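Here is a short briefing on the structure below. It covers one chain's fold first, then a contact between two chains.

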Amino acid sequence: MHIAEGFLPVGHAIAWFAVSTPFVVHGARAVMKETRENPESRLLLAAAGAFTFVLSSIKLPSVTGSSSHPTGTGLGAVLFRPPVMAFLSTVVLVFQALLLAHGGLTTLGANVFAMGIAGPWVGYAVWRFSQRLRWHTNVGVFLALTFADLATYLVTSAQLGLAFPDPASGMVGSLAKFASIFAISQVPLALAEGILGVLVFRLLTEVALPQLERLGVVGKREPELVEV
Amino acid sequence: MHGLAIDRIAWSSPWRVRSVRDKAALSLGLLLCAIALPPVPGSVLAAGVGLAVLLGPIGVTLRQLGRIGWMPASSILIGVLTVALSVSAEGELRVQMTEAGLLQAGGLALRAAAATLAMLVLACSTPVVDLFAALHKARVPAALIEIAALTYRFTAGLLDNAGAIHAAQVARLGYVSRPAAMRSASLATGMLFLRSWSRAQRLEDGLAGRGYTDNLRTLDPRRVRSATFLALTWALLASLVGVAVAWEVVR
């Protein structure tokens, strides 16, 4: 769910750019540090960016009868950490604007804040919290992805509510209006993305355990001693 | 999903030979006019110029425009309808359409449509690889551009993979029910993650074998930088601002 090109008033567009820039610069520095220390990781980061972009082609069933697509930022935050996702989300959002006309250049700051900063940080915080409480990995992944998606949708609703206060009920009414209209598709989508994340994570632990260990998502397992 | 239709249009556009500086000045200038000037006449004029440039010199056909325009159009429509509705909860919940809400929604629709057309002026005439070259010239750190460039290169292959996986799953009745659709979507997502990962590792191995230690630089053909084009762009933008200001004064 992105805010369309030209949708925000000039002042709001500039303000959201100003708010998002420090996070993206921090993310870009984290990416540059990572590539300086491990030059081979630039290809993996690029693969992660492409993966996030291509996720928009995966259709998820929705209870409203329509279908939507995962944002991928929750999964990305769990796998690659939120600062990296702030930069990668910016790249992906620019590509989505220029290659798919989805989102926009003037609304980039607002969309980056919702999808590349708020979503990943909320998802990652939930993931860390669940790990600290030693909840089952599946529960942690489900909650992380669901809350990342919900945070993205709520922040987008708040951004639109701030920009277009309702003539009768003001900003609060406008926020409630946008949140309730988008909830029809976004709440089921968040739950679906959570379930999808659990299935994907289980698949990855079966077939891509070395990659997950290398990313530090799961702890390294000691090789089992086999008695001969 | 229409794949990378906009990028395909950009690769074959007659304006591809123009410099990114010239096209960006026109596109971003129109974008600024679309969102900063009053919707009537500012956004209307910006939309008209954007549409004329897209269908004229950039060479986009009406069919192509319809194909690439449905996604932003539906996104704008949902947002505009939400703005048009007014909700009040005094006593009982009331959903209504007020004149102020309709006016705001109409202006918003014009502004968003004009801004989208302005953005398409750049997107439909400039392949993304040309933007990377322009970013190099603007001294953006090479490591960041390279990650963006590699992301773009991986994207094309992965989109083909995603399409092939989806077609195979549909042929195996993978989306006939909700549980089957969730299973198919999760398998597709997992497979795409693994393929993107293995593709990156294979590219890394191949480049390491060729002594790759630095940036992946590609040839950047010379582009036409036209002072006349730039002057006409500034004149056009100035006249849009002038008409908008005159309109307000006359009103």
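In chain B, take the contacts between residues at least 6 apart in sequence: 77% of them join residues at least 24 apart. The model is predicted.

**Elements of chain B**
- Chain B holds 9 helices and 2 strands.
- Their order along the sequence is α-α-α-α-β-β-α-α-α-α-α.

**Dimensions and burial of chain B**
- The radius of gyration of chain B is 23 Å, whereas a compact globule of 251 residues would come near 18 Å.
- Along the principal axes, the C-alpha atoms of chain B fill a box of roughly 70 × 60 × 35 Å.
- Buried residues make up 37% of the 251 in chain B.

**The contact between chains A and B**
- Chain A puts 58 residues into the contact, and chain B puts in 67 residues.
- On the chain A side, the elements giving two or more residues are helix 1 (10–37), helix 2 (41–54), strand 1 (60–61), helix 4 (82–100) and helix 7 (170–207).
- Which element of chain A gives the most to this side? Helix 7 of chain A does, with 13 residues.
- By residue class, the side of chain A that touches chain B has 42 nonpolar, 10 polar and 6 charged residues.

Definitions and conventions
Residues numbered from 1 in each chain as written. Chains lettered and ligands numbered in written order. Predicted model: local features only at pLDDT ≥ 70, side-chain atom pairs only at ≥ 80, totals over all residues. Helix = DSSP H or I, 4+ residues; strand = E, 2+ residues; numbered from the N terminus. Rg over C-alpha atoms; globule rule 2.2 N^0.38 Å. Buried ≥ 20, exposed ≤ 12 C-beta atoms within 10 Å, placed from the backbone. Contact = placed C-beta atoms within 7 Å. Nonpolar A, V, L, I, M, F, W, Y, C, P; charged D, E, K, R; others polar.
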